[in-house]
Amino acid sequence: MSNYPYQIRSREQYDAAYKRSVEDPEGFWAEVADSFQWHRRWDKVLEWNFTEPKVRWFGGAKLNITENCLDRHLAERGDQPAIIWEPNNPEEDFRVLSYKELHFKVCQFANVLKNNGVKKGDRVCIYMPMVPELAIAVLACARLGIIHSVVFGGFSAQSIADRIQDAQCNLVITSDGGFRGNKEIPLKSVIDDALVQCPSVKKVIVLTRTRVAVSMIKGRDVWWEDEVRKVETQGNPVCPAETMDAEDMLFILYTSGSTGKPKGVVHTCGGYMVFTAYSFVNVFQYQPGDVYFCTADIGWITGHSYIVYGPLAAGATTLMFEGIPTWPDAGRFWDIVDKFKVNILYTAPTAIRSLMGFGLDFVKNKDLGSLKVLGTVGEPINEEAWHWYDENIGKGRCPIVDTWWQTETAGILISNMAGITPGKPAHATLPLPGVQPILVDEKGEELQGNSISGNLCIKFPWPSIIRTTYGDHERCRQTYFATYPNLYFTGDGALRDEVGNYRITGRVDDVLNVSGHRIGTAEVENAINMHTGVVESAVVGYPHEIKGQGIYAYVVFSGGSHDNDLASKDIVQTVARIIGPIAKPDKIQFVKGLPKTRSGKIMRRILRKIAEGELQNLGDTSTLLDPAVVDEIRNGRL
Ligand code: WTA
């Protein structure tokens, strides 16, 4: 017997659940949703159309997601660890927060937020290192119905400012600094730079972490610890949870698309909670007492859904790690698995490939016997990395779940279920119940049958589908629902094998996936073009051994001769400043011109091929304005 009424325990149950979810989606999801705590039940399970688009799950229902993630567990597992936190430096003490303690701290910090004048519906930006207070801040917002917008600690001041302005945030939660490997990240100082452009922000709450000197602006900046002390003297440890509509916004998370400006993906309370918990429990086959370790950062969707909300809604023990896989050495993940007897490990192919490169010495002597399930996410996993993970980490006895999903889907849509449905190297395999993927050709015609490839679309809503892009619903429609009528278009290409397993082959739009992070080519181009010496640029991806994709930039530089090395360094600096270090180009080739059609469109196909090293068969170049540039670019390839 499983502890979760909705946990699938056999292949037969999977087949039956899948069938039911297609034939009677409303009945299916109503039953799953019954396992959660609602203030009021829904009037209608689902209303939808993909033309506006408009999707409403559990319409009329009232709830607070933090009651499901915290309060609900207190009676039965109040003393069980909710969060185990491993610091960057292994010499520093780790921390364990039981459900009781986490609940207490979330209430306390929610009261801090109230004291600082934010209320339901307001937007708060969170820019923090991977410390428990980040999870506490997120949950405290959710408790009050404040919409959080977490920005990954690697983004630049400019990127933060763009996000704060777009959401009109009025409060920021940050820390003095953060530790990552042997680096210290000056988070508060980056926030100070960002806020020069953000008049909407009235308050900044600053957690002490690195004790680096920071400037505190009078009337605007307050210390986390001082504010908590104030709440303590006020003497009220409880904070009632705001009653939220199932379709009220829970959070905004910005992600890159094919245009220059990142979009604020919006998720709502009810459907998000149901689907993240459901997928967590089923894909990883979580059992009570298991220690689950997801290596992502809460700044990305993986951290939102599978460090914080999904696991906590399921009453799980979730391990948060502040540092990086290669510090103090490349055995750090395995040390953590050994130290906390981790049962489920969820990481990214890029991390696996990078650790592979350091050799097996770092794995030897580590006790990995507690592991039961391994997972990957973020990009296609190549077979070599899959086998290395399987043999050296799972020792051939742990199923690997290859989970395909997106910021917009908020939860895992295609994946095997550990030990329940079979895995296959480099294949995400089968859709979860409730998920109806199809492959379409260029014209949007559905491709029937197996052993085919096409563009991946989903034809029916699942509970955690994107609701809108913040402040710009038309953009949401254009990006996801307009390419093919009545379908959600993922932007990914995929194959379906002879028995119906999906293999995701990668983006078919102008979005790069660098170390599992989505970056828009237009975004990088805009940043490069900010450099005073740059006339124009074009950015494409190319296969990179560790990052999956690397960033290849073709740059037209002004004013005759220049020192290529120096100019490259300057451009890289500019990109780091405008977007953040994650978007730094790996290769910059200076060219005299870009291949353009007569109408001025850059022929990216050609640039992509050259970057990939495919120098012959560039396809038809006769429509180019100046075919000679192609030879120059080909000869100068890096
Ligand atoms: C890619 C991350 C292949 C895909 C959760 C998708 C994957 C994009 C996989 C979303 C996988 C994610 N196999 N490709 N298992 N998982 N992707 O929004 O291209 O950061 O569209 O969400 O990552 O990236 P995002």
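**Note on the ligand site and backbone geometry**

1. Of the 17 residues around the ligand, D402, T403, T407, D492 and R518 come nearest. A residue is near a molecule or strand if one of its heavy atoms lies within 4 Å of it.

2. Please keep the basis in mind. This is a predicted model, where local features need pLDDT of at least 70, side-chain atom pairs count only at pLDDT 80 or more, and totals for chains, interfaces and linings use all residues. Residues are numbered from 1 along each chain as its sequence is written, and side-chain values use heavy atoms, with hydrogens and water left out.

3. Polar contacts come next. The term means a pair of N or O atoms within 3.5 Å; within protein, one must be able to donate a hydrogen and the other to accept it, and residues adjacent in sequence count only if both atoms are side-chain atoms. A polar side-chain atom of D492 sits 2.6 Å from a ligand oxygen atom. On the backbone side, an N or O atom of P380 is 3.3 Å from a nitrogen atom of the ligand. A polar backbone atom of E379 lies 3.4 Å from a ligand nitrogen atom. The protein covers 96% of the 520 Å² of accessible area that the ligand has on its own (Shrake-Rupley method, 1.4 Å probe; for residues, only the protein chains shown count as cover).

4. Now the shell itself. Two or more residues each come from α10 (301–313), β20 (400–403) and β25 (502–507). Helices (H or I, at least four residues) and strands (E, at least two) are DSSP runs, numbered from the N terminus. The shell holds 6 nonpolar, 6 polar and 5 charged residues. Here Ala, Val, Leu, Ile, Met, Phe, Trp, Tyr, Cys and Pro count as nonpolar, Asp, Glu, Lys and Arg as charged, and the others, Gly among them, as polar.

5. Check the cis peptide bonds. One joins E52 and P53, with omega about -5°. P53 is in the loop between β1 (44–49) and β2 (54–59). Another runs from W327 to P328, with omega near 0°. P328 belongs to the loop between β17 (317–321) and α11 (332–340).

6. Check positive phi too. K395, a residue other than glycine, has phi near 50°. K395 lies in the loop between α13 (383–393) and β20. K395 is partly exposed, at 43% relative accessible area. Buried means under 20% relative accessible area, exposed over 50%, partly exposed in between (1.4 Å probe, protein chains only).

7. A410 is also not glycine, and its phi is positive, near 65°. A410 sits in the loop between β20 and β21 (437–440). A410 counts as buried, at 0% relative accessibility.
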